[in-house]
Amino acid sequence: MKTFHYLTKPIIENNPIGVQVLGLCSALAITQSLYPALIMATAVICVLTFSNVVISLLRHVLPSSIRLILEMTIIASAVIVTDETIKTIAPDVSQILSVFVGLIVTNCIILGRAEGFALMHNPKLSLLDAIGNGIGYSVLIILVATIRELFGRGTLLGEIIFIPSSDGGWFLENKFMALPSSAFFILGIFVWVINAKTSNRTYD
Amino acid sequence: MKRDSLGKTLFVAFSIVLVCSLLVTGAVTLLRPIQAAQKAPQNFQRILQVAGLIKQDVEIDKQENMVELFQQIEISILDLNTASYITPSASNKFDYRQSLSEPQSTTPLSKSADLANIERKPKQMPIYWVHSSTSKAKIVLPIYGKGMWSMIHGYIALERDFNTIAGVYFYEQADTPGIGELIQQSDWSTSWQGKKLYDANGNLALQINKSKSSSKSTHQIDGITGATKTVNGVINLIHFWFGEQGYRSFLSKQRESLEG
């Protein structure tokens, strides 16, 4: 497999949400509107990149008996730093994201990539893999958030796109889109489409 | 395996934990002061408004811009009895509104001295120096006192001569809506700009302008029709806070240091 594939494959073909069905908890919770989703996506990319590269660098040093604990320590540190940074530069968004930035610690994608990839590959490939998976996660939550904000409130990033009927427009807000359960259905459609397009899918 | 020896395991674990803890503490120590500055945005926003650095009624939207502006505010804590600065460790955290409800941080006022009708006077008050790239630093002082029905809280900004009013903003009151409430309107507060608190002899001279016809003096402020009692309350609290009980001795000290 070409080096570049490590970056591109997780974006669609092996998408962490769409194909591996990981990290759903945050994908449901923070996709109500686009702006928090963008911040969350950035946070996940940062944490994933940091943890994957660091764990890959330490892969020959990590004692296998306490490997998982040390991996979690590294991931948790990255998450705390990211959380504090978000609280500083975007305090209003950190209110919306609340615990979900902190919960990146338990996001299966992060530990999954650390255990499943970084421990067995060099830092360069781990970096590509982390960015690829981060973008894969981001693409899906951004799409879901776009759909939910656009049809739920008629806005995108807070800007009015569809004029609501209460203001003389034609758009009727879809209250269902405001509920986390709507993300289940939208994600379901994406999972279906991705699986239908990538026919060589295997469960592993 | 070789790398699983107890010594190495402990060494690796300790090193990783040490580096990670340094990372976390570093980030928190670096970012917490900025976050603390954002937690007091409302208060700081009012101070910036009264100092004329931002317009009134602007929402805190441009966060980055605000953080920059907040850094132009320098807080000092003033001991009202000695008119000198106190150097506490946490002037950022000193909340005078909080201290007003604590008996140990206030002293009772006699009826004759209690112009502002506040019963107890705080021992310490925060004062804010607002630096700006375009003009000399202004000083912003918190003031409060009884209006007609309610306690009025506000800020007053003074120019560098410690006499000329640069701006005033009463951010909290519960006087009659539509009448006493008008003290919050920018129409009225802008009429304070350029007025002087003290006359040439250093006497507190700021008054309500009672007669409309008389030429406007630099010590007279127009009243508000129908809100006489509220406006009187405002003038009384000005006279309290800029009299002997309040900031007067501090301000005259500052003036002397300017001249000298």
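B:Phe162 is partly exposed, with 19 other C-beta atoms within 10 Å. On this scale a residue is buried if 20 or more other C-beta atoms lie within 10 Å of its own, exposed if 12 or fewer, and partly exposed in between, with C-beta atoms placed from the backbone. The model is a predicted one, so local features need pLDDT of at least 70 and side-chain atom pairs count only at pLDDT 80 or more, while totals for chains, interfaces and linings use all residues. Residues are numbered from 1 along each chain as its sequence is written, and chains are lettered from A and ligands numbered from 1 in the order in which they are written.

B:Phe162 sits in the loop between strand E7 (151-158) and strand E8 (165-172) of chain B. Its phi is positive, about 55°, although B:Phe162 is not a glycine. Most residues other than glycine have a negative phi. B:Glu119 also has a positive phi, about 65°, and is not a glycine. The loop that holds B:Glu119 runs between strand E3 (106-108) and strand E4 (120-122) of chain B. B:Glu119 is exposed, with 11 other C-beta atoms within 10 Å.

## A proline in another loop

B:Pro103 lies in the loop between helix H4 (96-99) and E3 of chain B. B:Pro103 is exposed, with 8 other C-beta atoms within 10 Å. Along the chain, B:Pro103 and B:Pro122 are 19 residues apart. Their C-alpha atoms are separated by 9.1 Å.

## The two chains

Chain A has 9 helices and 2 strands. Helices (H or I, at least four residues) and strands (E, at least two) are DSSP runs, numbered from the N terminus. The order of elements in chain A, from the N terminus on, is α-α-α-α-α-α-α-α-β-β-α. Of the 204 residues in chain A, 40% are buried. Contacts in chain A with a separation of 6 or more are 75% between residues 24 or more positions apart. Two residues are in contact if their C-beta atoms, placed from the backbone, lie within 7 Å.

Chain B has 7 helices and 10 strands. Buried residues make up 25% of its 260 residues. Among its contacts between residues at least 6 apart in sequence, 56% join residues at least 24 apart.

## Where the chains meet

How many residues of chain A are in contact with chain B? There are 17, and they touch 17 residues of chain B. H4(A) gives the largest share of the chain A side, 10 residues. That side divides into 9 nonpolar, 6 polar and 2 charged residues. Here Ala, Val, Leu, Ile, Met, Phe, Trp, Tyr, Cys and Pro count as nonpolar, Asp, Glu, Lys and Arg as charged, and the others, Gly among them, as polar.

## Helix H3 and its partners

Helix H3 (residues 34-57) of chain A meets helix H4 (residues 67-89) of chain A. Their axes come within 9 Å and cross at roughly 145°. Axes are lines fitted to C-alpha atoms, for helices over the stretch in contact, and angles run from 0 to 180 degrees between N-to-C directions. The crossing is right-handed, a term for the near helix being turned clockwise from the far one by less than a right angle (left-handed if anticlockwise). Residues in this contact include A:Ala43, A:Val47 and A:Phe50 of H3(A) and A:Ile74, A:Ala78 and A:Thr82 of H4(A). The contact divides into 12 nonpolar, 2 polar and 1 charged.

The axes of H3(A) and H8(A) come within 8 Å and cross at roughly 165°. That makes H3(A) roughly antiparallel to H8(A). Angles over 145 degrees count as roughly antiparallel, under 35 as roughly parallel, 65 to 115 as roughly perpendicular and the rest as oblique. This crossing is right-handed. Its residues divide into 18 nonpolar, 8 polar and 2 charged.

## The nonpolar cores

The largest nonpolar core has 45 residues. Such a core is a set of buried Ala, Val, Leu, Ile, Met, Phe, Trp, Tyr and Cys residues joined through C-beta atoms within 7 Å. Among the members that touch the most others are A:Met40, A:Val44 and A:Ile74. Elements that each supply at least two residues include H3, H4 and helix H8 (123-153) of chain A, together with helix H1 (6-39) of chain B. H3(A) gives the most, 11 residues.

A second, separate core has 42 residues, including B:Leu53 and B:Ile156.
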